[in-house]
Amino acid sequence: MLVKDAVTLKITLPKIPDIELVALEGLDRLAHHLGIAEEKIGEARILVTEAIINAFEHSGEKSPPVRVEFTMTTKELVIFVRDYGKGFEPASIEEPDIRTKMESKNKREWGLKVMKSMSDDFRIESSHRGTKITIRKLLS
Amino acid sequence: MEQPFTLTSEVRNNRLIISTSGYVNNLGGEAIAKEFSRHFSSGTKEVIINLAQSKVVNSIGMSFLIEIIEQLQEVNGKLVFTNVDPAVEKMLTIMGLFRFAGKERTVEDALESFSQRK
(Lines give C-alpha, C1' and ligand atoms only; values in the text may rest on other atoms or scores of the structure.)
Protein backbone atom coordinates (compact mmCIF):
# COMPACT_ATOMS: atom_id res chain seq x y z
CA MET A 1 0.00 0.00 0.00
CA LEU A 2 1.30 3.42 -0.93
CA VAL A 3 1.89 5.61 2.12
CA LYS A 4 1.97 9.30 1.25
CA ASP A 5 4.36 11.60 3.07
CA ALA A 6 3.17 13.82 5.86
CA VAL A 7 1.61 17.09 4.79
CA THR A 8 1.74 20.19 6.95
CA LEU A 9 -0.45 23.26 6.98
CA LYS A 10 0.38 26.37 8.99
CA ILE A 11 -2.19 29.12 9.40
CA THR A 12 -2.34 32.30 11.42
CA LEU A 13 -5.88 33.15 12.40
CA PRO A 14 -7.07 36.64 13.36
CA LYS A 15 -9.83 36.96 15.94
CA ILE A 16 -12.82 37.03 13.60
CA PRO A 17 -16.12 35.26 14.30
CA ASP A 18 -16.15 31.65 13.00
CA ILE A 19 -12.57 31.91 11.68
CA GLU A 20 -12.10 28.31 12.88
CA LEU A 21 -14.08 27.26 9.81
CA VAL A 22 -11.11 28.36 7.69
CA ALA A 23 -8.91 25.90 9.57
CA LEU A 24 -11.51 23.18 9.04
CA GLU A 25 -11.47 23.88 5.32
CA GLY A 26 -7.70 23.38 5.38
CA LEU A 27 -8.09 20.16 7.35
CA ASP A 28 -10.59 18.85 4.81
CA ARG A 29 -8.22 19.68 1.96
CA LEU A 30 -5.34 17.80 3.59
CA ALA A 31 -7.56 14.80 4.24
CA HIS A 32 -8.79 14.82 0.65
CA HIS A 33 -5.21 15.02 -0.64
CA LEU A 34 -4.23 11.98 1.43
CA GLY A 35 -7.36 10.05 0.46
CA ILE A 36 -8.71 9.97 4.01
CA ALA A 37 -12.44 9.32 4.14
CA GLU A 38 -14.80 12.01 5.42
CA GLU A 39 -16.01 9.88 8.34
CA LYS A 40 -12.44 9.41 9.60
CA ILE A 41 -11.92 13.11 10.22
CA GLY A 42 -15.21 13.95 11.96
CA GLU A 43 -13.69 13.83 15.44
CA ALA A 44 -10.56 15.64 14.19
CA ARG A 45 -12.79 18.49 13.04
CA ILE A 46 -14.26 18.83 16.52
CA LEU A 47 -10.78 18.74 18.08
CA VAL A 48 -9.57 21.52 15.78
CA THR A 49 -12.65 23.61 16.49
CA GLU A 50 -12.35 23.23 20.26
CA ALA A 51 -8.61 23.97 20.31
CA ILE A 52 -9.07 27.18 18.31
CA ILE A 53 -12.06 28.52 20.24
CA ASN A 54 -10.22 27.72 23.47
CA ALA A 55 -7.24 29.73 22.21
CA PHE A 56 -9.40 32.73 21.36
CA GLU A 57 -11.17 32.48 24.72
CA HIS A 58 -7.85 32.83 26.52
CA SER A 59 -5.97 35.09 24.13
CA GLY A 60 -7.67 38.32 25.15
CA GLU A 61 -8.88 41.12 22.92
CA LYS A 62 -5.51 42.75 22.28
CA SER A 63 -3.37 39.64 21.84
CA PRO A 64 -1.79 38.67 18.54
CA PRO A 65 -3.53 36.12 16.32
CA VAL A 66 -3.65 32.39 17.01
CA ARG A 67 -1.19 30.09 15.24
CA VAL A 68 -2.47 26.73 14.03
CA GLU A 69 -0.43 23.91 12.53
CA PHE A 70 -1.64 20.55 11.24
CA THR A 71 0.62 17.66 10.31
CA MET A 72 -1.30 14.84 8.73
CA THR A 73 -0.41 11.41 7.41
CA THR A 74 -2.77 8.64 6.41
CA LYS A 75 -2.33 7.30 9.94
CA GLU A 76 -2.59 10.31 12.20
CA LEU A 77 -3.12 14.02 12.62
CA VAL A 78 -1.13 16.24 14.95
CA ILE A 79 -2.80 19.55 15.77
CA PHE A 80 -0.78 22.37 17.31
CA VAL A 81 -2.52 25.53 18.45
CA ARG A 82 -0.67 28.45 20.02
CA ASP A 83 -2.08 31.64 21.44
CA TYR A 84 -0.20 34.59 22.95
CA GLY A 85 -2.67 35.49 25.66
CA LYS A 86 -2.20 35.74 29.39
CA GLY A 87 -2.48 31.98 29.85
CA PHE A 88 -4.29 30.05 32.56
CA GLU A 89 -3.65 27.22 34.95
CA PRO A 90 -5.15 24.12 33.28
CA ALA A 91 -5.14 22.21 36.58
CA SER A 92 -7.37 24.86 38.11
CA ILE A 93 -10.15 24.14 35.61
CA GLU A 94 -12.59 21.86 37.36
CA GLU A 95 -13.71 18.88 35.26
CA PRO A 96 -17.24 19.77 34.16
CA ASP A 97 -20.15 17.49 34.99
CA ILE A 98 -23.57 17.74 33.38
CA ARG A 99 -25.47 17.51 36.66
CA THR A 100 -23.38 20.27 38.25
CA LYS A 101 -23.69 22.41 35.13
CA MET A 102 -27.48 22.05 35.19
CA GLU A 103 -27.49 23.71 38.61
CA SER A 104 -24.93 26.35 37.66
CA LYS A 105 -25.25 29.60 35.74
CA ASN A 106 -22.01 28.76 33.95
CA LYS A 107 -22.90 26.02 31.46
CA ARG A 108 -19.62 26.39 29.53
CA GLU A 109 -15.98 25.27 29.93
CA TRP A 110 -16.32 21.87 28.23
CA GLY A 111 -13.51 22.35 25.75
CA LEU A 112 -10.66 20.76 27.70
CA LYS A 113 -12.75 17.72 28.63
CA VAL A 114 -13.86 17.23 25.02
CA MET A 115 -10.29 17.55 23.71
CA LYS A 116 -8.85 15.17 26.33
CA SER A 117 -11.60 12.59 25.81
CA MET A 118 -11.65 12.65 22.03
CA SER A 119 -7.92 12.69 21.33
CA ASP A 120 -5.30 9.94 21.47
CA ASP A 121 -2.84 12.27 23.17
CA PHE A 122 -3.43 15.72 24.60
CA ARG A 123 -0.82 18.12 25.95
CA ILE A 124 -1.23 21.65 27.19
CA GLU A 125 1.39 24.16 28.33
CA SER A 126 0.29 27.52 29.57
CA SER A 127 2.14 30.50 31.03
CA HIS A 128 1.81 34.29 31.14
CA ARG A 129 3.18 34.27 27.57
CA GLY A 130 0.36 32.18 26.19
CA THR A 131 -0.89 28.65 25.75
CA LYS A 132 0.23 25.77 23.53
CA ILE A 133 -2.03 22.80 22.87
CA THR A 134 -0.78 19.70 21.05
CA ILE A 135 -3.27 17.00 20.12
CA ARG A 136 -2.61 13.68 18.41
CA LYS A 137 -5.49 11.89 16.71
CA LEU A 138 -5.19 8.51 15.02
CA LEU A 139 -6.96 8.38 11.67
CA SER A 140 -6.83 4.67 10.89
CA MET B 1 -17.00 24.99 3.94
CA GLU B 2 -19.64 24.63 6.66
CA GLN B 3 -22.40 27.18 6.13
CA PRO B 4 -23.48 29.88 8.61
CA PHE B 5 -26.07 28.78 11.15
CA THR B 6 -29.80 28.90 10.43
CA LEU B 7 -32.74 27.14 12.01
CA THR B 8 -36.32 26.32 11.20
CA SER B 9 -38.99 25.10 13.58
CA GLU B 10 -42.39 23.49 13.43
CA VAL B 11 -44.86 22.11 15.92
CA ARG B 12 -46.46 18.73 15.38
CA ASN B 13 -48.98 17.50 17.96
CA ASN B 14 -47.66 20.02 20.47
CA ARG B 15 -44.11 18.75 19.93
CA LEU B 16 -41.51 21.28 18.89
CA ILE B 17 -39.09 20.29 16.14
CA ILE B 18 -36.07 22.55 15.71
CA SER B 19 -34.01 21.75 12.62
CA THR B 20 -30.61 23.38 12.35
CA SER B 21 -28.38 23.97 9.39
CA GLY B 22 -24.70 24.91 9.41
CA TYR B 23 -22.20 25.48 12.19
CA VAL B 24 -23.72 25.45 15.68
CA ASN B 25 -21.48 27.99 17.41
CA ASN B 26 -22.34 30.16 20.43
CA LEU B 27 -24.81 32.23 18.42
CA GLY B 28 -26.38 29.07 16.99
CA GLY B 29 -26.78 27.58 20.45
CA GLU B 30 -28.29 30.79 21.71
CA ALA B 31 -30.71 30.90 18.77
CA ILE B 32 -31.85 27.33 19.54
CA ALA B 33 -32.38 28.25 23.20
CA LYS B 34 -34.39 31.34 22.24
CA GLU B 35 -36.59 29.37 19.87
CA PHE B 36 -37.15 26.77 22.57
CA SER B 37 -38.06 29.45 25.16
CA ARG B 38 -40.64 30.95 22.83
CA HIS B 39 -42.50 27.62 22.69
CA PHE B 40 -41.73 26.47 26.23
CA SER B 41 -43.52 29.48 27.66
CA SER B 42 -46.59 28.35 25.71
CA GLY B 43 -46.51 24.90 27.30
CA THR B 44 -44.41 22.79 24.92
CA LYS B 45 -42.71 20.02 26.89
CA GLU B 46 -41.44 17.69 24.17
CA VAL B 47 -38.70 18.93 21.90
CA ILE B 48 -36.72 17.48 19.01
CA ILE B 49 -33.47 18.99 17.81
CA ASN B 50 -32.74 17.74 14.32
CA LEU B 51 -29.02 18.12 13.54
CA ALA B 52 -29.14 16.55 10.07
CA GLN B 53 -27.68 19.62 8.40
CA SER B 54 -25.15 20.47 11.13
CA LYS B 55 -21.96 18.44 10.89
CA VAL B 56 -19.87 20.93 12.83
CA VAL B 57 -20.74 22.14 16.33
CA ASN B 58 -18.73 23.51 19.21
CA SER B 59 -19.02 22.95 22.94
CA ILE B 60 -20.07 26.54 23.63
CA GLY B 61 -23.01 26.15 21.25
CA MET B 62 -23.92 22.81 22.79
CA SER B 63 -23.73 24.22 26.32
CA PHE B 64 -26.84 26.30 25.58
CA LEU B 65 -28.74 23.04 25.22
CA ILE B 66 -28.06 22.18 28.86
CA GLU B 67 -30.37 25.04 29.81
CA ILE B 68 -33.10 23.51 27.63
CA ILE B 69 -32.67 20.10 29.25
CA GLU B 70 -32.76 21.69 32.69
CA GLN B 71 -36.02 23.51 32.01
CA LEU B 72 -37.65 20.43 30.48
CA GLN B 73 -36.63 18.32 33.49
CA GLU B 74 -38.53 20.69 35.75
CA VAL B 75 -41.80 20.01 33.92
CA ASN B 76 -41.22 16.30 33.21
CA GLY B 77 -40.55 17.14 29.59
CA LYS B 78 -37.96 15.66 27.27
CA LEU B 79 -35.44 16.64 24.60
CA VAL B 80 -34.51 14.21 21.83
CA PHE B 81 -31.71 14.70 19.29
CA THR B 82 -32.03 13.24 15.81
CA ASN B 83 -29.82 12.72 12.76
CA VAL B 84 -26.70 13.26 14.85
CA ASP B 85 -23.36 12.97 13.06
CA PRO B 86 -21.20 10.27 14.78
CA ALA B 87 -18.51 12.76 15.84
CA VAL B 88 -21.11 15.17 17.22
CA GLU B 89 -22.77 12.25 19.01
CA LYS B 90 -19.46 11.43 20.68
CA MET B 91 -19.08 15.02 21.81
CA LEU B 92 -22.58 15.10 23.29
CA THR B 93 -21.84 11.79 25.03
CA ILE B 94 -18.64 13.21 26.54
CA MET B 95 -20.63 16.21 27.78
CA GLY B 96 -23.17 13.83 29.33
CA LEU B 97 -26.18 15.24 27.48
CA PHE B 98 -27.56 11.79 26.70
CA ARG B 99 -27.92 11.10 30.41
CA PHE B 100 -30.87 13.50 30.32
CA ALA B 101 -31.80 13.71 26.63
CA GLY B 102 -32.69 11.04 24.10
CA LYS B 103 -31.36 10.32 20.64
CA GLU B 104 -33.16 8.81 17.69
CA ARG B 105 -32.18 8.19 14.11
CA THR B 106 -34.85 10.39 12.54
CA VAL B 107 -37.47 12.96 13.48
CA GLU B 108 -40.18 10.38 12.79
CA ASP B 109 -38.49 7.95 15.19
CA ALA B 110 -38.36 10.67 17.83
CA LEU B 111 -42.04 11.49 17.40
CA GLU B 112 -42.80 7.78 17.76
CA SER B 113 -40.71 7.61 20.96
CA PHE B 114 -42.75 10.47 22.41
CA SER B 115 -45.99 8.61 21.59
CA GLN B 116 -44.75 5.55 23.47
CA ARG B 117 -43.69 7.68 26.42
CA LYS B 118 -47.27 8.47 27.43
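At 25% relative accessibility, B:Asn83 counts as partly exposed, the class between buried (under 20% relative accessible area) and exposed (over 50%), for a 1.4 Å probe and protein chains only. B:Asn83 is placed in the loop between β4 and α3 of chain B; helices (H or I, at least four residues) and strands (E, at least two) are DSSP runs numbered from the N terminus. The model is predicted: local features need pLDDT of at least 70 and side-chain atom pairs count only at pLDDT 80 or more, while totals for chains, interfaces and linings use all residues. Residues are numbered from 1 along each chain as its sequence is written, chains are lettered from A and ligands numbered from 1 in the order in which they are written, and side-chain values use heavy atoms, with hydrogens and water left out.

**Backbone of chain B**

Most residues other than glycine have a negative phi. B:Asn83, however, has a positive phi near 50°. B:Asn13 sits in the loop between β1 (6-12) and β2 (15-21) of chain B and is exposed at 69% relative accessibility.

**Aromatic pairs**

Two aromatic pairs are counted over all chains; rings of Phe, Tyr and Trp (its six-membered ring) pair if their centres lie within 6.5 Å, and planes under 30 degrees apart count as stacked, over 60 as edge-to-face and the rest as tilted. B:Phe81 and B:Phe98 form an edge-to-face pair, at 5.8 Å centre to centre and 90° between the planes. Because B:Phe81 lies in strand β4 (residues 78-82) and B:Phe98 in the loop between α3 (86-95) and β5 (102-104) of chain B, the pair ties together parts that are 17 residues apart in sequence. B:Phe81 is buried at 0% relative accessibility, and B:Phe98 is buried at 19%.

**Salt bridges**

The structure holds 17 salt bridges over all chains, each a side-chain nitrogen of Lys or Arg within 4 Å of a carboxyl oxygen of Asp or Glu. Among them are the following.

| Salt bridge | N to O distance |
|---|---|
| A:Lys113 and A:Glu95 | 3.5 Å |
| A:Asp121 and A:Arg123 | 2.9 Å |
| B:Glu89 and B:Lys103 | 2.9 Å |

B:Glu89 belongs to helix α3 and B:Lys103 to strand β5 of chain B, so this pair ties together parts 14 residues apart in sequence. B:Glu89 is partly exposed at 26%, as is B:Lys103 at 41% relative accessibility.

In chain A, A:Lys113 is buried at 18% relative accessibility, whereas A:Glu95 is exposed at 55%. A:Asp121 is partly exposed at 27%, and A:Arg123 is exposed at 54%. A network of salt bridges links A:Glu43, A:Lys137 and B:Lys90.

**Positive patch of chain A**

A:Lys10, A:Arg67, A:Arg129 and A:Lys132 form a positive surface patch. Patches are made of residues with over 30% relative accessible area and no salt bridge, like charges being joined within 9 Å and nonpolar side chains (Val, Leu, Ile, Met, Phe, Trp, Tyr) within 5 Å. A:Lys132 lies in strand β5 (residues 130-138) of chain A and is partly exposed at 32%. The C-alpha atom of A:Arg129 is separated by 5.9 Å from that of A:Lys86, 43 residues apart along the chain. A:Lys86 is found in the loop between β3 (76-83) and α3 (98-102) of chain A and is exposed at 65% relative accessibility.

Definitions and conventions:
Accessible areas come from the Shrake-Rupley method with a 1.4 Å probe; for residues, only the protein chains shown count as cover. Lys and Arg count as positive and Asp and Glu as negative; His and the chain ends are not counted. The place of a charge is taken as NZ of Lys, CZ of Arg, CG of Asp or CD of Glu.
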